[in-house]
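Here is a short briefing for a first look at this structure. Keep the sequence and the 3D view at hand while reading.

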Amino acid sequence: MKRFLVALGLAGAVCVAHAQSAEPIRIGLIAAFSGPFADYGKQIEGGMKTWLRQNGDAIAGRKVEILVRDTTGPAPEVAKRLAQELVVRDKVHFLAGFGLTPEALAVAPVATQAKTPMVIMNAATSVITMKSPYAVRFSHTLPQDSAPMGTWAAKNGIQRVYTLVADYGPGIDAEAAFSKTFKEGGGQIVDSVRVPLKNPEFAPFIQRIKDAKPQAVFIFVPPGEHSIAFMKGFQERGLAKEGIQVIATGDLTDDHLLDAMGDPVLGIINTFHYSNAHDSPENKAFLKAFAETNPDGGRPNFMAVGGYDGMHAIAEVVKKLGANFTGDQAMELFKQMKFESPRGPIAIDPETRDIVQTVYVRRVERRDGHLYNIEFDSFPNVKDPGKPAQ
Ligand code: PHB
């Protein structure tokens, strides 16, 4: 018996030695962790860590090292330099993160040159995945979220809409996709304005919208100071009292900020791929694990889910390929990905390496003292409509 136990001990020691010597998996996480978009990096990292907590922080015996790099963003030049350092000096297996479009676009040529997979966990301008064959997206695209809003609005008695978007890639995509389906459904775009990404000043735009007396305003702005400032201006200038309705992509009613935005957002109808209120066992498990992993993290939002699902996908690749693989081998696996996310079923379109998912129509309601986006209709299997016809 004793000899058996000694043998067992030795075998155990060999196993441990093997696990320790196996090359770790290095993931370079590029996002803003400071400045006005600091929540983006924190949510993405929080989501990745949540997946690791639920599934063990080693994949197939390999430790996972997340090399966190702060762009302070939006700062495309910084993102590019960080990506170069991560591939050349740190020899990362994956580049990941990307809260903001300009950062993802700046890194795409680095991923291409290094043949390093680039796993996008938020940045949502349609064209990003077309900028590198090594880019794959586990978040959303603005056309994907906005086109259903146009269709839904036109079908549900909304006829005259003013659009307001942030003046950069995702905003321009949102404006185009919403306007297209809304007009196809018989709606009329009264006018469209774009507000700068840096230091937005909403008051004059909101006054113009009020004067135009549309039935509704369709809005995309990145969550944070933009969404808060827009809702504040909308409230202060009394647009709701004039009967002007807000319709939006769910970026405006982001779960993380929703409670802080308070009563003015109640009743807003929006389209999006993830809600804390999504009723599924996967989402319940995710919410519980996120709270345990990030005790000071507040409510997770769609960026946390992008990080969580992106981490899941990376783990699937590592389970199959270990640590020595080519970027092309990894991309072949990413293209086949299909699994149940906290948001619902997701898959990657192998033609575009972009995500296919359900887009839900939701209304902001109060439940148990908190505000939630309550899903009440859905558009299943939505591909990114912003890609050139295939
Ligand atoms: C982006 O920069 O691509 C972006 C940022 C925030 C969002 C969506 C897209 O909510």
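Aspartate 57 is partly exposed, with a relative accessible area of 47%. Its side chain meets that of lysine 63 in a salt bridge, at 4.0 Å from N to O. Lysine 63 also counts as partly exposed, at 48% relative accessibility. Note that this is a predicted model.

**Salt bridges**

- The structure holds 24 salt bridges. Side chains of opposite charge can pair when their charged atoms come close.
- In helix α2 (residues 38-55), glutamate 45 and lysine 49 are four residues apart, so about one helical turn separates them. Their side chains form a salt bridge of 3.1 Å, N to O.
- Is glutamate 45 buried or exposed? Glutamate 45 is buried, because its relative accessible area of 17% is under the 20% cut-off. Lysine 49 is partly exposed, at 38%.
- Glutamate 332 pairs with lysine 335 in a salt bridge, and the closest N and O atoms are 3.3 Å apart. These two residues are three apart in helix α12, so about one helical turn lies between glutamate 332 and lysine 335. Glutamate 332 is partly exposed, with 42% relative accessibility.
- Which residues are linked in a network of salt bridges? Arg137, Asp354, Asp384 and Lys387 are linked in this way.

**Helix pairs**

- Two packed helices are described by the angle between their axes and the distance between the axes.
- Helix α3 (residues 76-88) and helix α4 (residues 101-114) have axes that come within 8 Å and cross at roughly 30°. The two helices are therefore roughly parallel to each other, as the angle is under 35 degrees. The crossing of α3 past α4 is right-handed.
- Helix α11 (residues 302-321) and helix α12 (residues 327-335) have axes that come within 10 Å, crossing at roughly 125°. That makes α11 oblique to α12. Here too, α11 passes α12 in a right-handed crossing.

**Backbone details**

- Where is the cis peptide bond that involves proline 74? The bond runs from glycine 73 to proline 74, with omega near 10°. Proline 74 sits in the loop between β3 (62-70) and α3.
- Alanine 60 is not a glycine, yet has a positive phi of about 45°. The loop between β2 (58-59) and β3 holds alanine 60. Alanine 60 counts as exposed, at 55% relative accessibility, because the cut-off for exposed is over 50%.
- Lysine 115 is not a glycine either, and its positive phi is about 55°. Lysine 115 is placed in the loop between α4 and β5. With a relative accessible area of 47%, lysine 115 is partly exposed.

**Surface patch**

- Which residues form a nonpolar patch on the surface? Leu105, Val127 and Met130 do, with about 210 Å² of accessible area together.
- Valine 127 lies in the loop between β5 (118-120) and β6 (135-137). Valine 127 is partly exposed, at a relative accessible area of 34%.

**A contact across the chain**

- Arginine 160 belongs to strand β7 (residues 160-166). A relative accessible area of 32% makes arginine 160 partly exposed.
- Arginine 160 and proline 214 are 54 residues apart along the chain, but their C-alpha atoms are separated by 5.4 Å.

Conventions: Residues are numbered from 1 along each chain as its sequence is written. This is a predicted model: local features need pLDDT of at least 70, side-chain atom pairs count only at pLDDT 80 or more; totals for chains, interfaces and linings use all residues. Side-chain values use heavy atoms; hydrogens and water are left out. Patches are made of residues with over 30% relative accessible area and no salt bridge: like charges are joined within 9 Å, nonpolar side chains (Val, Leu, Ile, Met, Phe, Trp, Tyr) within 5 Å. Accessible areas come from the Shrake-Rupley method with a 1.4 Å probe; for residues, only the protein chains shown count as cover. Buried means under 20% relative accessible area, exposed over 50%, partly exposed in between (1.4 Å probe, protein chains only). Axes are lines fitted to C-alpha atoms, for helices over the stretch in contact, and angles run from 0 to 180 degrees between N-to-C directions. Angles under 35 degrees count as roughly parallel, over 145 as roughly antiparallel, 65 to 115 as roughly perpendicular and the rest as oblique. A crossing is left-handed if the near helix is turned anticlockwise from the far one by less than a right angle, and right-handed if clockwise.
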